[in-house]
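Here is a short briefing on one protein model. Read it with the sequence and the 3D view side by side.

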Amino acid sequence: MGDSAYEYMIKLWLQGGRKEEMYRKMWDKAMNGVHEQLLQKSTPNGLTYIADRLNGGRLDHKMDHLACFMGGSLALGAYTDPSGIDSSRAKRDLKTAKALTYTCYQMYARTQTGISPEFVQFRGGNDFKVPSSAPFYILRPEVVEAFYYLSVLTGDPIYREWGWEVFQSIEKYCKTEYGYGSLHDVNEPSMKPEDRMESFFLAETLKYLYLLFDPDSEIDILNKHVFNTEAHPFKIFNN
């Protein structure tokens, strides 16, 4: 599940001062579809994940690291729901946001390096596995992005704890002499990082990790600012 199109539905509505209702309606309709058609539970531990829908309607029971942005976006949608945070829709979305983000944390915690692969497959009786076709990590930000949103919105310290675990793993396995490199296989701790660093690692991954631990941040994601999909903050238009 790609991020930009979906998250911009909710963020356009927010940046416009919550006046352009069509964007909020697009978001809510899309999230209804996610809950009705894509949301799944793993076996045996009931981890929540978003499956891919293939041509013909068949589900591919995998979840990409990219899809973990949904934890943050669903939480943001819940806390800004026009019907209030105590509405049934907001409660549903926040519950899903927390459950998805826990699954995304497990995608890190269950590997040998403590770092998530590009995607996992939900098959068999052990929740998920790292596929042989995508065991790599290219310094993606979506999971720590979700940690940031849920930490700010809920105040639960667990998201900082998870973020610290992820940061320590990145420091241990991805740091090079002059920067940070991608991993070829997250279940091979002895492998050295590749000689390649994506630009979004600085723009997003490290930025969200920094903000996660910054108690004095002036960023206000409910009233003053909206992050675009590359983690650049923009002011909300109130007039």
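**Helix 2 against helix 3**

The axes of helix 2 (residues 21-38) and helix 3 (residues 69-79) come within 12 Å and cross at roughly 125°. That makes helix 2 oblique to helix 3. This is a predicted model: local features need pLDDT of at least 70, side-chain atom pairs count only at pLDDT 80 or more, and totals for chains, interfaces and linings use all residues. Residues are numbered from 1 along each chain as its sequence is written, and side-chain values use heavy atoms, with hydrogens and water left out.

Some terms for this first pair:

- Helices (H or I, at least four residues) and strands (E, at least two) are DSSP runs, numbered from the N terminus.
- Axes are lines fitted to C-alpha atoms, for helices over the stretch in contact, and angles run from 0 to 180 degrees between N-to-C directions.
- Angles under 35 degrees count as roughly parallel, over 145 as roughly antiparallel, 65 to 115 as roughly perpendicular and the rest as oblique.

The contact itself:

- Helix 2 passes helix 3 in a left-handed crossing. A crossing is left-handed if the near helix is turned anticlockwise from the far one by less than a right angle, and right-handed if clockwise.
- From helix 2, Arg 24, Trp 27, Met 31 and His 35 meet Met 70, Ser 73, Leu 74 and Gly 77 of helix 3. Contact means heavy atoms within 4.5 Å.
- The residues of this contact divide into four nonpolar, three polar and one charged. Ala, Val, Leu, Ile, Met, Phe, Trp, Tyr, Cys and Pro count as nonpolar, Asp, Glu, Lys and Arg as charged, and the others, Gly among them, as polar.

**Helix 1 against helix 2**

- The axes of helix 1 and helix 2 come within 7 Å and cross at roughly 145°.
- Their crossing is left-handed.
- Helix 1 brings Tyr 6, Met 9, Ile 10, Leu 12 and Trp 13 to the contact. Helix 2 meets them with Glu 21, Tyr 23, Arg 24, Met 26, Trp 27, Ala 30 and Met 31.
- By class, this contact has 10 nonpolar, no polar and two charged residues.

**Helix 4 against helix 6**

- The axes of helix 4 (residues 88-109) and helix 6 (residues 158-173) come within 11 Å and cross at roughly 25°.
- Helix 4 and helix 6 are therefore roughly parallel to each other.
- This crossing is left-handed.
- Lys 98, Thr 101, Tyr 102, Tyr 105 and Tyr 108 of helix 4 meet Tyr 159, Trp 162, Glu 165 and Val 166 of helix 6.
- The contact of helix 4 with helix 6 has six nonpolar, one polar and two charged residues.

**The largest pocket**

- The largest pocket has a volume of about 160 Å³. On a 1 Å grid over the protein atoms alone, a cavity is a set of points where a 1.4 Å probe fits but cannot get out, and a pocket is an open set with protein on both sides within 12 Å along at least five of seven lines; lining residues have an atom within 4 Å of a point. Grid points are joined across faces, edges and corners, and a volume is the space filled by probe spheres set on the points.
- Its lining includes Tyr 148, Arg 160, Leu 212, Asp 214 and Ile 221.
- Helix 5 (142-154) and helix 7 (200-212) each supply at least two lining residues.
- Helix 5 gives the largest share, three residues.
- The lining divides into seven nonpolar, two polar and three charged residues.

**The cavity**

- The structure holds one cavity of 30 Å³ or more.
- The largest cavity has a volume of about 30 Å³.
- Lys 11, Leu 14, Leu 76, Tyr 149, Ile 221, His 225, Val 226 and Phe 227 line the largest cavity.
- Strand 7 gives the largest share of this lining, three residues.
- By class, the lining has six nonpolar, one polar and one charged residues.

**Backbone details**

- Most residues other than glycine have a negative phi, and most peptide bonds are trans.
- A cis peptide bond joins Thr 43 and Pro 44, with omega about 10°.
- Pro 44 is found in the loop between strand 1 (39-41) and strand 2 (48-50).
- Leu 139 is not a glycine, yet has a positive phi of about 70°.
- Leu 139 lies in the loop between strand 6 (119-121) and helix 5.
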